[in-house]
Amino acid sequence: MKWIDSLDIAIELYEKHPDVDPKTVNFVDLQKFVMGLEEFDDDPKRCGERILEAIQMAWIEEAE
C-alpha cells in the first residue's frame, strides 16, 4: 500500500486497532500507525497533512 491508498489503509487500521477511536488520533500517531502496517510500503516523506486527513476520514467512516 502507498499513501494514496487511503481507503485500504483505513480498513487495515480499523482491523488492526479496533479499540481506537480514529477521531482522537493525532496526525503524528496516525502516521506511525500507517507506517506500522505490514502491507504498507511508501516513503514517509511523501506523506502530508492532506493525506493523513483523508486516511483519518476514511477510518472514521469505516468505524461507523
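Mentor: Contact here means heavy atoms within 4.5 Å. This is a predicted model, in which local features need pLDDT of at least 70 and side-chain atom pairs count only at pLDDT 80 or more. Side-chain values use heavy atoms, leaving out hydrogens and water.

Trainee: Which residues of helix 1 and helix 3 meet?

Mentor: S6, L7, I9, A10, I11, L13 and Y14 in helix 1 meet A54, I55, A58, W59, E62 and A63 in helix 3. By class, this contact has 11 nonpolar, one polar and one charged residues.

Trainee: Why is helix 1 called oblique to helix 3?

Mentor: The axes of helix 1 (residues 6-16) and helix 3 (residues 49-63) cross at roughly 50° and come within 8 Å. Angles under 35 degrees count as roughly parallel, over 145 as roughly antiparallel, 65 to 115 as roughly perpendicular and the rest as oblique. Therefore helix 1 is oblique to helix 3. The crossing is right-handed, the term for a near helix turned clockwise from the far one by less than a right angle.

Trainee: What makes Q56 buried or exposed?

Mentor: Q56, in helix 3, has a relative accessible area of 12%. Buried means under 20%, exposed over 50% and partly exposed in between, with a 1.4 Å probe and protein chains only. Q56 is therefore buried.

Trainee: Which backbone oxygens lie 2.8 Å and 2.9 Å from a polar atom of the Q56 side chain?

Mentor: The backbone oxygen of P22 lies at 2.8 Å, and that of V25 at 2.9 Å. Not counting residues up to four places away in sequence, Q56 touches P22, K23, V25, F27 and L30.

Conventions: Residues are numbered from 1 along each chain as its sequence is written. Axes are lines fitted to C-alpha atoms, for helices over the stretch in contact, and angles run from 0 to 180 degrees between N-to-C directions. Helices (H or I, at least four residues) and strands (E, at least two) are DSSP runs, numbered from the N terminus. Ala, Val, Leu, Ile, Met, Phe, Trp, Tyr, Cys and Pro count as nonpolar, Asp, Glu, Lys and Arg as charged, and the others, Gly among them, as polar. A polar contact is a pair of N or O atoms within 3.5 Å; within protein, one must be able to donate a hydrogen and the other to accept it, and residues adjacent in sequence count only if both atoms are side-chain atoms.
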